[in-house]
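Here are my notes on the two-chain model, as numbered points. Please read them with the structure open.

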Amino acid sequence: MKKTKKVKNESDLMPERKIIHVDMDAFFASVEIRDNPSLKGKPVIIGAKPQERGVVSTCSYEARKFGVKSAMSIKMAYKLCPQGVYMHPDIRKYEKVSEELRKIFYRYSFKIEPASLDEAYLDVSQTADLFSGEYNTALKIKNDIRNELCLSASVGIGYNMLTAKLASEEKKPDGLFWIKNQTEFSNIFMNRSIGCLYGIGKVTVKLLESYGIYLISDLQSSTIEFLTSVLGSRGEEIYLACRGIDEREVTPSYQSKSEGREITFQYDTRDFKLINDTIINIIKELAFNLNEQKLWCRTLTLKIKYKDMHTITRAKTLDNPTNSSKEIYESIIRLYNSAPKNQPIRLIGVSLNHFCDSPSIQLSFSDINHSQKDEKFNRLVHELKKKYGQEVIKDPLDFKR
Amino acid sequence: MKFEINKKTLSSLVDMAEKAVAKKTTNPILSGIKIEVAAKELNVYATDLQTGFHGKTTVEDSQEDCAFVVDHKNFSEILKSLPVVSIIINYDNGVLSLESATTAFKLPTMNAAEFPNVIPSVAGSTVDLEREKILHMIEKVIFCASRDSDPLSRNLNSVYWDFRSGGFLSLVATDSYRLGISEINLQQSSLVSSFLLSLRSVEELRNVLLSCRSKTFKLNFDGSRALFSFSEDSVELALNVIDSKFPNYMDILPKAFKTKMVLSTAEFSEILRRVSIASGSSEQVKMDVNEELLTLSANSADVGEGKDTITVEKEGNNILIAYSPRYLREAVEKIETTEFEFNISGETNPTVLKPFNDNNYMYIVMPIRLV
């Protein structure tokens, strides 16, 4: 029997939501210009120096007038705009500004999903009424950013993440736009080209155009069966998107993230030394990434796939979040030891979940004298590894090999 | 072999045996209870090899002796479901039947000869204890014991019994984040010894203490097991001690305090309960002590924020410190005096809660480190 999907309206799917998308205008370039007023009015291109290899990561609006764009090679940019000011990005600095930005966002909502350093989604469904509605909330965010950080942002308000993002694009730079509902979405976008939708890149545009689909309204009149036959699994997503439907929830990054790595052995093995070494390598890498993002995790998962493809996973949730490779290893190896070993192992994987960024550590009696020291030591080891490479200092795990 | 027995009497014995029955076992006989009728006495035995239970009652009309082992869960469930005062039990050739006016059940049994010996002979020293007092002491510390039954942490998955000279008994339990001590002076006791009983054993003991009527009971300790005998109830419980070392809890008792307060128990538990609502998934409350004002506050991504303030009597420094709301609540619930002492030895050091002017109970809790 063929399963037919009923077309639903966004409102059938979930309660009415209010989503704000904040997108900083030419973020890296704007930060540089703010901190060095002599750059004002000049085409500033962040990425690399003209003689170096590299791509443009951001450029000021002045540079855009010359046709310079993000992701263009520096060589090409220089051809278009030889008089530009070329700079290397100072990621540390932008991260700091990004943190300040996040602090502003947290005044207006608890549910924030940063999409990158200069872009974030805020779910203000629960909180907008505290600030006289979503429009005023968006306006306040814009003003706070201007007054406190001396930067400009384009802000979009939508009833889901898709429309919030489209709204922030609408009046760039320094814009504020609101897409109130599906009818409004259709009225605005019906006659626009399909490329304006997210997930439809150049290749997809070409492909769809070959079927005579040029406009959003053409997409809207295509059936879901047709779209899935042409676009595969993405068909359904685009079928919904062209109607302004997007069910994704704004998820604070640390709640959704999980980081893991698995390795398939060249030959199925029972050799503990090899398995142990592999586990250690995986954990060292994962722990480094964790420290790099200043995150802690609480749940550790071990995955084992046996020779006959039978797969098991074993997880352990710790009392306190951790970022220490040693602690992760100790739990994982305990899980490994209690796992069945009646067949050779084909694949082994470790993943970390349940992240948090400011752990509140429940101290234990064994911390009475030395908890702070451990934390500082860990941080120092991480900084050293980052600067001089993984091998500069022996990881405590290297002694477990 | 056939006899009649009061359903309630048998049911209460079977219930008491419950915690002693092995839960996850590869040996099926241990998931059963042994019932033995001898010399007009009915004996019920259960054991998981760590905890052993024995209870008995008289049966008038039994003609001959018998012994069998029956699955505990099924037997107990059937027993409870029977809508009668007394039931007739018949054991014949490996089959157990339970009968009342209209109902009849037949159950398979296991061989009683394979059931391990539950109650050892008495040796070592014996001490008399009051049932209600000991139950009270257990209630005050048992919630602190670690729930982690991993073999590596079994010394914390336990309650420590410390009989000291001068007739003092302390019960101590900890999960390494908090620790509860309750103490009693037994007046006359010759027992000077200490031992660890697993949390499961102590839960079974609590179960029996709650079900029994005896005012006092005897504790006999022979170095490897503690035998609790309730003579009026004809119940005995043998608990093997854990061969593991309990941490030296005296070491963590703070020598000096930064901030000392006396709080109203009702007032504090009230604001704690209220503010905890806002702690949500963050599982922490902040306590800000500023002169005579104590403010509790909490915030979390899933709930929001909340705070409340009370006035307190304070000695020492102002302080900002954070705790797990559950760890505070569970302790304050155990305090029976109208006021209690809240003594802080630092933001990353133990805090001590105890009833005001009462040295028989103490709760030591580690704070949450604020980042």
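1. Salt bridges at the interface. Across the interface of chain B and chain A, the rule finds zero salt bridges. The rule asks for a side-chain nitrogen of Lys or Arg within 4 Å of a carboxyl oxygen of Asp or Glu. Over all chains, the count by this rule comes to 41 salt bridges.

2. Basis. This is a predicted model: local features need pLDDT of at least 70, side-chain atom pairs count only at pLDDT 80 or more, and totals for chains, interfaces and linings use all residues. Residues are numbered from 1 along each chain as its sequence is written, chains are lettered from A and ligands numbered from 1 in the order in which they are written, and side-chain values use heavy atoms, with hydrogens and water left out.

3. Extent of the interface. Chain B puts 26 residues in contact with 17 residues of chain A (contact: heavy atoms within 4.5 Å). The area buried between chain B and chain A is about 1,900 Å², and carbon and sulfur atoms give 59% of it. Buried area is the accessible area (1.4 Å probe) that two parts lose on being put together, summed over both. In chain B, the most area is lost to chain A by Tyr177(B), Met366(B) and Arg369(B), together 36% of what that side buries.

4. Polar contacts and composition. Five residue pairs are in polar contact across the interface of chain B and chain A, both residues at pLDDT 80 or more. A polar contact is a pair of N or O atoms within 3.5 Å; within protein, one must be able to donate a hydrogen and the other to accept it, and residues adjacent in sequence count only if both atoms are side-chain atoms. The elements of chain B that give two or more residues to the side touching chain A are β12 (178-185) and β26 (368-369). Helices (H or I, at least four residues) and strands (E, at least two) are DSSP runs, numbered from the N terminus. By class, that side of chain B has twelve nonpolar, nine polar and five charged residues. Here Ala, Val, Leu, Ile, Met, Phe, Trp, Tyr, Cys and Pro count as nonpolar, Asp, Glu, Lys and Arg as charged, and the others, Gly among them, as polar.

5. Strand pairing between chains. Strand β13 (residues 361-362) of chain A runs antiparallel to β26(B), joined by two bridges. Two strands pair if DSSP finds at least two bridges between them. Opposite Arg369(B) in β26(B) stands Ile361(A).

6. Nine-stranded sheet, chain B. This open sheet has the order β13-β10-β11-β12-β25-β24-β23-β17-β21, with antiparallel pairing. Its edge strands are β13 (193-198) and β21 (313-316) of chain B, each pairing on one side only. Neighbouring strands are turned by 15° against each other on average, direction ignored. Axes are lines fitted to C-alpha atoms, for helices over the stretch in contact, and angles run from 0 to 180 degrees between N-to-C directions. Six bridges join β10 (residues 158-164) of chain B to β13(B). Trp161(B) has Phe195(B) as its bridge partner in β13(B). Helix α4 (residues 199-211) of chain B packs on the sheet, touching β10 and β13 of chain B, at about 90° to β13(B).

7. Four-stranded sheet, chain B. The order is β1-β6-β7-β8, open and antiparallel. β1 (2-6) and β8 (104-108) of chain B each have a single partner strand, so one side of each is left without a neighbour in the sheet.

8. Backbone points to check in chain A. Lys172(A) and Pro173(A) are joined by a cis peptide bond, with omega about -10°. Pro173(A) is in the loop between α7 (161-170) and β8 (176-178) of chain A. Cys150(A), a residue other than glycine, has a positive phi near 55°.
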